[in-house]
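Reader: I would like to learn how to read a structure like this one. Please take one feature at a time.

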Amino acid sequence: MAGRTIEIEEHITVGALADQLMIPATKLIAELFKNGIMATINERIDYDTAQIIVEELGLEVELTRKAEESAIPKREKRSTSETAQTRPPVVAVMGHVDHGKTSLLDAIRGAEVAKGEAGGITQHISAYQIEHGDRKITFLDTPGHEAFAALREHGAQLTDLVIIVVAADDGMKPQTLEAIRFARKADVKMVIAINKMDKEGADPNRIKQQLSENDLLVEEWGGDTVVVEVSAKTKQNIDKLLDMVLLVADVEDLRAEYNGPAKGLVIESHMETGRGPVAEALVEQGTLRVGDYVVAGSGYGKVRNLESTFHKPLKEATPSTPVVITGFKALPEFGDEFTVVENEKEARARSTETKSSKGSNGGLQMDSSELLRIINRSIELQELNIIVKADVQGSLTSVIDSLKTLNTDEVAVRVVGSGVGSITENDLHLAHTSKAIIYAFNVSVPSNIKQHASRDRVSIRSFKVIYELIDDAKSELSELLSPEVIETDLGRLVVKGIFKTTKTEVICGGEVTKGKLTVPALARVMRGNETIAEVEVTNLKRGPQDAKEVVEGEMCGVSLKTTGRVNLEEGDKIEFFKREAVSRTL
């Protein structure tokens, strides 16, 4: 292995890395464990962790990052002219789960969102604008749970500045480092908010040291990283944090065109009873007005209602403003760019163009790579068919992406259908014909749908917390794994005499030279080092009496069931063993 160079992606499963390094996965898992990382063979680790572990193992291997196109290409900053005006900064709040991101945002906007979040974690991106002094700041609250990496990356691409929240009593965590990487990748400024300063054990200097170890030297230590010590609970230094956000924004000199047709990005979408498709979007340039014709991906429509994310009606929205739009004829997708066009004819033409390039299957989404994998899948691969329905597009993306990380060479999740909104009869029909489980994430299940599902024996499983849904799917996949065959040696008999030989049976006698013989059991007939037959032991006799077991040093008779004639000879050894199938888990 000396001098080998291995190219890996930014994230790689433990099993795949072990294969690349040509070492047992158990050895890699043990080394990760020694470094405080509890990971299974199917879990992903990042490039930096992989590099550290390779060094710890002392392998003569050099890791390099594989050049890959990001699933979310970096979006170029909008060009501006001399008429461009100063706009509010767009700020993403990121950090490890439980470090108080949402609570900090609650303190900023005076709301109580965290209590309403399932499992106490943010499940999708939310955006809103606040006023500090006489200026506005737009905030994006991005999920902290590891299942939401795709949403966090989208969030970083939208923003001008990122607040990285770190708990003063807990320190830097893997998701903290991931948030820092996303911010660097998106080339946005960072402000570090050391939260929970009110808690016993708060140690801001430890955090500052950890930041310096990750090339973020704080201002008081001679660097340029802005750090503010805050408490969401006591509101300590919240105003100071907002002041620093605006100060960093001023240095960046953020500007946008206010005149002309609006453009921006869809950051969330869902179906709403009585309102149809609803999109949450961020205006990036121009001014969006009620009555404008808007195209977003394969969806288009006329803006019927325009609201702030606090549900306040708006007549227009300028750059950096998060808005809620109704009037789309089809649900736009999370991450779609939206553009205002002159009339409905142009809107329809553009959306049709996009729809043709994406393909359509009645609202149930399946990407081309998934379709190709189904066509070319190995016969040995066991698949779990599922349908995913979620409340919003962002959650749907995260659930499906998370489910796909469970795939192994033996078992895989096959998403036969997915969509936003409540479960429909079409979903039930598809589930029935494809023998799929329906996962309902944050969506209601109407009583008539429950009745039909019971009648058709379709399993609908509802979840509000993503990792509980993933655990359920993992359990289902584990049941598809072929059991592991375990063989246990019992004992050995040396043949001293042969009493009967037929095509299906051999009766012989001998001495037990090792272990304990029991019945029923399997056995291998050995001549020297060669196995000449595998047989089934049907009876043991100690003298004239049947025996259930015979121990080392005793003489006994043995009845063997064979599948063909076995010409046993004196001196042959019969090795007794048990063979069991043991269930495995992912």
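Author: What follows goes through sheets, a helix, aromatic pairs and a few single residues. This is a predicted model, in which local features need pLDDT of at least 70 and side-chain atom pairs count only at pLDDT 80 or more, while totals for chains, interfaces and linings use all residues. Residues are numbered from 1 along each chain as its sequence is written, and side-chain values use heavy atoms, with hydrogens and water left out.

Reader: In what order do the four strands of the open sheet run?

Author: The general idea first: strands of a sheet pair through backbone hydrogen bonds, either parallel or antiparallel. Helices (H or I, at least four residues) and strands (E, at least two) are DSSP runs, numbered from the N terminus. Two strands pair if DSSP finds at least two bridges between them. Here the order is 22-21-23-24, with parallel pairing. Strand 22 (411-420) and strand 24 are the edges, each pairing on one side only. From one strand to the next, the twist averages 25°; the axes are lines fitted to C-alpha atoms, for helices over the stretch in contact, and angles run from 0 to 180 degrees between N-to-C directions.

Reader: How many bridges join strand 21 and strand 22?

Author: Nine bridges join strand 21 (residues 382-390) to strand 22 in the parallel sense. Val388 stands opposite Ser418 in strand 22. Strand 21 also pairs with strand 23, again in the parallel sense, over five bridges. There, Lys389 is opposite Ala440 of strand 23.

Reader: What pairs with strand 23 in the parallel sense over four bridges, and how does the chain get there?

Author: Strand 23 (residues 437-441) pairs with strand 24 (residues 460-463) in that way.

Reader: Which residues of strand 23 are buried on each side?

Author: In a regular strand the side chains alternate between the two faces of the sheet. Buried means under 20% relative accessible area, exposed over 50%, and partly exposed in between (1.4 Å probe, protein chains only). In strand 23, Ile437, Tyr439 and Phe441 are buried on one side, and Ile438 and Ala440 on the other. That makes five of its five residues buried.

Reader: Which strands make up the closed barrel?

Author: The closed barrel has six strands, in the order 13-14-19-17-16-20, with antiparallel pairing. Its twist averages 45° from one strand to the next. Within it, strand 16 (residues 293-296) and strand 17 (residues 299-308) pair over four bridges in the antiparallel sense. Val294 has Gly301 in strand 17 as its bridge partner.

Reader: What span should helix 8 have?

Author: The expected span of a helix is 1.5 Å times one less than its number of residues. Helix 8 (residues 238-252) has 15 residues and should therefore span 21 Å; its end C-alpha atoms are 22 Å apart, which agrees. Its buried residues include Ile238, Leu242 and Val245. Just after helix 8, Asp253 takes a positive phi of about 50°.

Reader: How many aromatic pairs does a search of the whole structure find?

Author: Two. Rings of Phe, Tyr and Trp (its six-membered ring) pair if their centres lie within 6.5 Å; planes under 30 degrees apart count as stacked, over 60 as edge-to-face and the rest as tilted. Tyr128 and Phe310 form a tilted pair, 5.9 Å centre to centre with 40° between the planes. Tyr128 is in strand 7 (residues 126-132) and Phe310 in the loop between strand 17 and strand 18 (316-317), 182 residues apart. Tyr128 counts as buried because its relative accessibility is 2%, while Phe310, at 43%, counts as partly exposed. Tyr439 and Phe463 are also tilted, at 6.0 Å and 45°. Tyr439 lies in strand 23 and Phe463 in strand 24, so this pair ties together parts 24 residues apart in sequence.

Reader: Which charged end sits over the ring of Phe577?

Author: That of Arg524, 4.0 Å from the ring centre. The criterion is that NZ of Lys or CZ of Arg is within 6 Å of the ring centre and within 35 degrees of the ring normal.
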